[in-house]
Amino acid sequence: MLKYVAKRILLAIVTIWAVATLTFFLMNMVPGGPFLSEKAISPQATAALEAKYGLDKPLMQRYVTYMTDALHGDFGDSLKQRGRTVMSIIKMKFPVSARVGGISVLVSLCLGVPLGCLAALKRGKFLDSLISVVSTCGIAVPSFVVCTLLLYTLGVNLRLLPTMGLNGWKNYIMPVIALSFYPTAYIMRLMRSSMLDVLGQDYMRTAKAKGVAGFWIMFKHALRNAILPVVTYVGPMLAYTVTGSFVVEKIFVIPGLGGEFIGAIGGRDYTLIMGTTIFLATLIVIMNVIVDIVYKIVDPRIKLK
Amino acid sequence: MSEYLVDIKNERLSFFTPAGEVKALNDVSIHMREGEVLGIVGESGSGKSVTAYSLMGLTAHPGKLIDGSLYFNGHQIETMSDKEMRKIRGNEVSIIFQDPMTSLNPVYTIGNQIMEAVLLHTDKNRAQAKERARELLELVGINEPEKRLRQYPHELSGGMRQRVMIAIALACEPKLLIADEPTTALDVTIQAQILELMMELKDRLGMAIIMITHDLGVVASMCERIAVMYAGKIVEYGTTDDIFYAPKHQYTKGLIRSIPRLDTKEHERLVPIEGTPVDMLNPPAGCPFAPRCDACMKICLREMPPVTHFGRVHYTQCWLNQKEEMEAQKEKGAANE
């Protein structure tokens, strides 16, 4: 186990390095730069700015400098948000996104897993069809449509919920619905199909023949076998969701990290692009290791090598 | 109340599939005394397993009992709720399945799965249940029971897993053990061991066994009575001697002809039963075996044969037997005059 974790950490470092390198060169291949804007800036000013941030140096030299700094924990200053380091931006914005995202993941698990099981149990019945329709909608409808519909009905017409900011618990309801809509639908589908598979297994018949009651058969014997695909999905999904969604944060005016991802790319804020990308990559790698360990706990047949 | 442990009368059971009604059981009657070993033989789809499962209330989803009464150990099975059935399952009647590789839950330890059956049906606490599980593993001849309790199914061999299945089935000392092809998925040497174990445990615990199999060798060595099933009907029923030494039904005769014998010559061919099993969706009007029967008569294709008795136990459902028996009676009558 320890050996496995050590090996995974080593592998994680390589992965993150690869992601960082690829991102660094790709973003520099994209035309444009952080200091181009509609307002004409004098060439001297631009040159001065570039010199200040080291953008006038050759690409390879910049790469080496950046990587060395990053290894020492210094991810640089934001090129666009004057006076802020990349770390301080992430530190400030990530908790906001993580709170909304974390709640959304919890909600989608709490809804998706039982509803998926229910659909499998009631296979072919009305309830199954209803759940299938809802989950297909959830997967097909993009989040901006969900956001807009929510805003229009609950926020504007019925005036039940506040439409922006994160001042109270009521503010969380709409963003959480919008964020958890797709994962809930996806988990329902995963759960339904793997549950159907498990329900047909011989050991379920054994459990029934032992006289185990219906609820326990599902909870003890079926769920643990059927949950693996959901675990696989939830790991990376959690990483994506807690780092925020650009669309949802924009529409509900939430000061989260999701906006920074897109904003940084649009503004060619090189250091911020690198910072957010490395941050997300690290989260995903960590989640994958956790998923593997959870796998081992859920299914003893899995060997961690 | 009945003098029997198991008394199934005129059971009819159908599966209502999208393609239509499949009459899986057609007027099946079985009775067994305590401690008796009954073999049910027949090819796939003949209704062997369905008969046994219905006795446990485990008929799979589109299946439905149409008619008949199922009595077991003081219970009228067909009138019982699922909750009442759960108290019997695994307690008074247990089952061992065909494939031990897939019949144990892969994510729980052996100990957990045996203890579950004990905890469900007795007042024992966890420590006592664990002790009982250890005893059971010893009973079924598994070495190092302490260690095995903590192991997972994938860490055991096929024969060992089938022993565990037997341990689970015996957890509450059932009155009846249903063995659904318990040795089909095992190696020949292991097969013999498992059968021996079952017989030994039967003698020790005094339970009745229903042995479902398509292996005539297995029933010959284990069973006292044998029911031969074909297309959802019991076509011949009798003691083991009746079936092996005086088979009457053409199907039974065919089955026995198809087993290799010690005195079979080297290049001699075994005699197969020609044709394929009936389509249970559209069963023929008459005897279901008629299309494959060497001695098929016109009436066989039109009408279901009645029951013909030979002695107290032995009976068949066959027009040929009926005809022969009537002729024999007539001759007897003529001789008496």
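This is a predicted model: local features need pLDDT of at least 70, side-chain atom pairs count only at pLDDT 80 or more; totals for chains, interfaces and linings use all residues.
Residues are numbered from 1 along each chain as its sequence is written, and chains are lettered from A and ligands numbered from 1 in the order in which they are written.

Along the principal axes, the C-alpha atoms of chain B fill a box of roughly 75 × 55 × 45 Å. Chain B has 13 helices and twelve strands; these are DSSP runs, helices being H or I with at least four residues and strands E with at least two, numbered from the N terminus.

Now the interface. In chain B, 24 residues are in contact with 19 residues of chain A, contact meaning C-beta atoms, placed from the backbone, within 7 Å. Elements of chain B giving two or more residues to that side are α2 (82–88), β6 (93–96), α3 (100–103) and α4 (110–121). The largest share, four residues, comes from α4(B).

Last, a helix pair in chain A. The axes of α1 (residues 2–29) and α13 (residues 270–298) of chain A come within 9 Å and cross at roughly 155°; axes are lines fitted to C-alpha atoms over the stretch in contact, with angles from 0 to 180 degrees between N-to-C directions. So α1(A) is roughly antiparallel to α13(A), the term for angles over 145 degrees. Among the residues making the contact are A:Ile16 of α1(A) and A:Ile278 of α13(A).

Technical notes. Two residues are in contact if their C-beta atoms, placed from the backbone, lie within 7 Å. Angles under 35 degrees count as roughly parallel, over 145 as roughly antiparallel, 65 to 115 as roughly perpendicular and the rest as oblique.
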